[in-house]
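Please report on the side-chain pairs and the ligand site of the model shown here. Keep the account brief.

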Amino acid sequence: MCGIMGYAGDKEAADIIIDGLENLEYRGYDSAGLAVNDNGDIKTAKTVGSPSGLRPTASGIKGRVGIGHTRWATHGAASLENAHPHASVSGMFSVVHNGIIENYEELRSGLEAQGVVFRSETDTEVIAHLLEKHYKGDLKGAVREVLPLLSGSYALGILCEDYPDVIVCAKLSSPLFAGTVGECGYLASDVSVLSGRCTRIYRLNDGEIGFLKAGSFKVFDSDGCRLRKTEIKIRSLSMDADRAGYRHYMLKEIYEQPAAVRRTLAGIISGEHRIKPGFLKMSDREIKGINKVRFVACGSAYHVGLVGAYVTERLFKRSSEACIASEFRYMHPCMDESTLVVIISQSGETADTLAAMRLAQSEGVKVVSIVNVESSTIAMESDKLIMTRADREIAVATTKAYSAQLAAVYALVIYLAERSGELDKREAARLLRGLMEIPDKQERILSSGFDYSSVTDRLISSGYVCFIGRGLDYCSALEASLKLKEVSYIRCEAYAAGELKHGTISLVDKNSLIIALGCCSGLRAKTLANVKETQARGAGVIYITGGDDDDAYENVIRIPRCEDIFYPLLEIIPMQLSAYHTALKLGREIDKPRNLAKSVTVE
Ligand code: AGP
């Protein structure tokens with residue numbers, strides 16, 4: 001979370017930094033700040049809220065070298081005091097930081113015992129003070145002494161008054177990139193910010209210390225020895241930050257789902273409904289040797305993993321489960337050479353997912369990653385990578401990346417099932433054809449002209465909202481509930497329909513709204529029986545179905561028929577649109593919901 005932007009060049013830094021922070025705002029928008037080194041005098045501006053709030057105060061700040069930050073609060077509230085950059089006691093050092101310094105309390109106590117008075121509640125401030133304590137006129141030396149004292153994760157941008165033309169940068173488990181073009185140098189925590197601005201882009205690695213100046217970037221290892229860095233090649237990183245006439249990015253991205261799924265599948269499946277040769281490069285022996293598949297991810301990507309687990313059991317006929325990455329990494333998971341771990345992440349930077357992947361890799365387990373950002377850490381560290389081609393997703397609530405992940409998971413499982421012999425070639429081709437027909441069906445839902453106003457009215461007026469479904473419909477129910485919570489702030493939950501009467505049905509009364517997903521044909525009758533139990537207790541019902549057995553319901557959303565296993569790609573669309581229109585009616589900040597950030601880079 002949080003975003004870092006730095007500039008060292010021949011132009012005024014403040015405006016360039018604010019522009020960059022606005023591009024990074026999706027990473028955190030609680031508060032923002034910048035510091036500019038004006039020939040040895042560091043000047044700072046801060047604001048609570050969006051980085052654009054920096055413009056009035058920063059307009060008077062002159063200087064050509066500076067650092068900026070957009071914050072997602074972890075330690076301390078969103079306030080001016082806690083906004084970055086943080087300065088050392090004398091003001092010699094100014095620091096921006098992404099990540100968490102896990103031993104900051106101990107470091108802070110030590111510094112306070114030496115008389116340092118802290119101005120913020122943040123973990124970051126210790127870094128500025130430590131730098132000042134260790135500084136004896138040698139900037140590189142001070143940084144080299146301080147970094148080993150920090151545990152946790154960090155991406156850092158540092159200014160020092162004695163070095164007015166330099167930004168020092170360093171990282172540990174949190175991404176950081178530098179770029180140059182002509183006489184300008186840029187620093188950013190997200191490579192997409194650099195791709196349109198720089199001709200040469202470098203990824204800083206853990207333990208390296210970078211010195212960014214106008215047009216030059218020098219990197220040293222932790223022993224202080226100069227390293228020769230190779231620039232990274234960035235393919236198709238369009239910022240495409242245009243809403244194209246849509247009121248919100250979320251709505252635009254909902255409508256981009258058919259294209260995202262088509263592009264993703266086009267990278268994997270040939271026109272003959274075959275998986276393209278060379279996909280994943282796994283031998284038949286390796287695939288047949290897989291006994292267990294674990295999908296590991298967070299949030300919506302975890303819901304994709306749940307779909308993956310259901311489909312794996314059905315087609316690949318292997319024991320399978322979805323694991324929340326933050327749980328998986330600490331559960332001492334049993335894995336061996338017969339385990340396949342599938343990592344799913346839009347950003348490729350989610351801290352827990354990355355840690356889970358590294359854990360699996362360290363145990364010698366086969367790992368396949370499904371990622372949307374090619375330059376991300378997970379993509380770079382993955383041996384077997386499937387790219388989703390959703391393009392850049394800007395709204396915090398994922399929609400098109402979610403669909404693209406589902407498409408990739410289906411293709412992966414069909415591939416494993418066919419190569420292992422569990423699925424014959426004709427059946428695999430039939431399923432792949434069905435999968436490739438999904439974008440057309442998504443388009444039919446998107447262009448149906450369905451009026452969501454009665455759904456949104458019910459969602460807003462109900463005292464209790466519960467999404468239910470069985471099997472794959474249950475996976476969609478979980479995602480539908482998350483989507484509604486994220487953007488509308490309506491309290492709701494999702495339940496496996498058969499589980500409701502094991503306790504939760506006590507919440508159901510005439511003020512309740514049950515949203516029943518009943519698309520999977522084999523389970524529809526059972527879900528409808530559970531719906532009746534809630535109706536008997538006075539609940540209102542909205543029913544989403546791919547079938548015709550729905551006359552009893554006042555609010556029915558019909559979706560086109562498809563192969564049962566692919567319904568998650570269709571039934572989620574009316575749920576996304578319901579969440580969007582409800583949030584719109586409630587006047588929520590749809591693209592940047594409160595307390596959330598697009599990329600969760602702290603655990
Ligand atoms: C969903 O709308 C959320 N933005 C969130 O749950 C997200 O899916 C999760 O944080 C995982 O992100 P990732 O795909 O970038 O790893």
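Tyr 202 is buried, at a relative accessible area of 12%. Buried stands for under 20% relative accessible area, exposed for over 50%, and partly exposed for what lies in between (1.4 Å probe, protein chains only). Tyr 202 and Phe 217 form a tilted aromatic pair, with 5.8 Å centre to centre and 35° between the planes. Tyr 202 sits in strand 11 (residues 200–203) and Phe 217 in strand 13 (residues 216–220), so the pair ties together parts that are 15 residues apart in sequence. Phe 217 is buried as well, at 13% relative accessibility.

This is a predicted model: local features need pLDDT of at least 70, side-chain atom pairs count only at pLDDT 80 or more, and totals for chains, interfaces and linings use all residues. Residues are numbered from 1 along each chain as its sequence is written, and side-chain values use heavy atoms, with hydrogens and water left out.

**Aromatic pairs**

The structure holds 8 aromatic pairs. Among them, Phe 93 and Tyr 135 are edge-to-face, at 5.3 Å centre to centre and 85° between the planes. Rings of Phe, Tyr and Trp (its six-membered ring) pair if their centres lie within 6.5 Å; planes under 30 degrees apart are stacked, over 60 edge-to-face, and the rest tilted. Phe 93 belongs to strand 6 (residues 93–98), while Tyr 135 lies in the loop between helix 4 (125–134) and helix 5 (139–146), so this pair ties together parts that are 42 residues apart in sequence. Helices (H or I, at least four residues) and strands (E, at least two) are DSSP runs, numbered from the N terminus. Phe 93 is buried at 0% relative accessibility. Tyr 135 is buried at 13%.

**Salt bridges**

A salt bridge is a side-chain nitrogen of Lys or Arg within 4 Å of a carboxyl oxygen of Asp or Glu. The count comes to 34 salt bridges. Three of these are listed here.

| Pair | Closest N to O distance |
|---|---|
| Asp 15 and Arg 55 | 3.7 Å |
| Glu 321 and Arg 294 | 2.6 Å |

Glu 321 lies in strand 16 (residues 319–324) and Arg 294 in strand 15 (residues 292–297), so their bridge ties together parts that are 27 residues apart in sequence. Glu 321 is partly exposed at 27%. Arg 294 is buried at 5%. Another network is formed by salt bridges that share partners: Asp 15, Asp 19, Glu 22 and Arg 55 are joined. Asp 15 is partly exposed at 49%, and Arg 55 is partly exposed at 29%.

Arg 108 and Glu 112 both lie in helix 3 (residues 104–113), 4 residues apart, about one turn of the helix. Arg 108 is buried at 19%; Glu 112 is partly exposed at 39%.

**Thr 339**

Thr 339 is in strand 17 (residues 339–345). Thr 339 is buried, at 4% relative accessibility. Leaving out residues up to four places away in sequence, Thr 339 touches Lys 292, Arg 294, Cys 334, Val 365 and Lys 366. Contact here means heavy atoms within 4.5 Å.

**Ligand site**

Which residues come nearest to the ligand? Of the 15 around it, they are Ser 345, Gln 346, Ser 347, Thr 350 and Glu 486. A backbone N or O atom of Gln 346 lies 2.6 Å from a ligand oxygen atom. A polar side-chain atom of Ser 347 lies 2.7 Å from an oxygen atom of the ligand. The protein covers 91% of the 410 Å² of accessible area that the ligand has on its own.

Methods
A residue is near a molecule or strand if one of its heavy atoms lies within 4 Å of it. A polar contact is a pair of N or O atoms within 3.5 Å; within protein, one must be able to donate a hydrogen and the other to accept it, and residues adjacent in sequence count only if both atoms are side-chain atoms. Accessible areas come from the Shrake-Rupley method with a 1.4 Å probe; for residues, only the protein chains shown count as cover.
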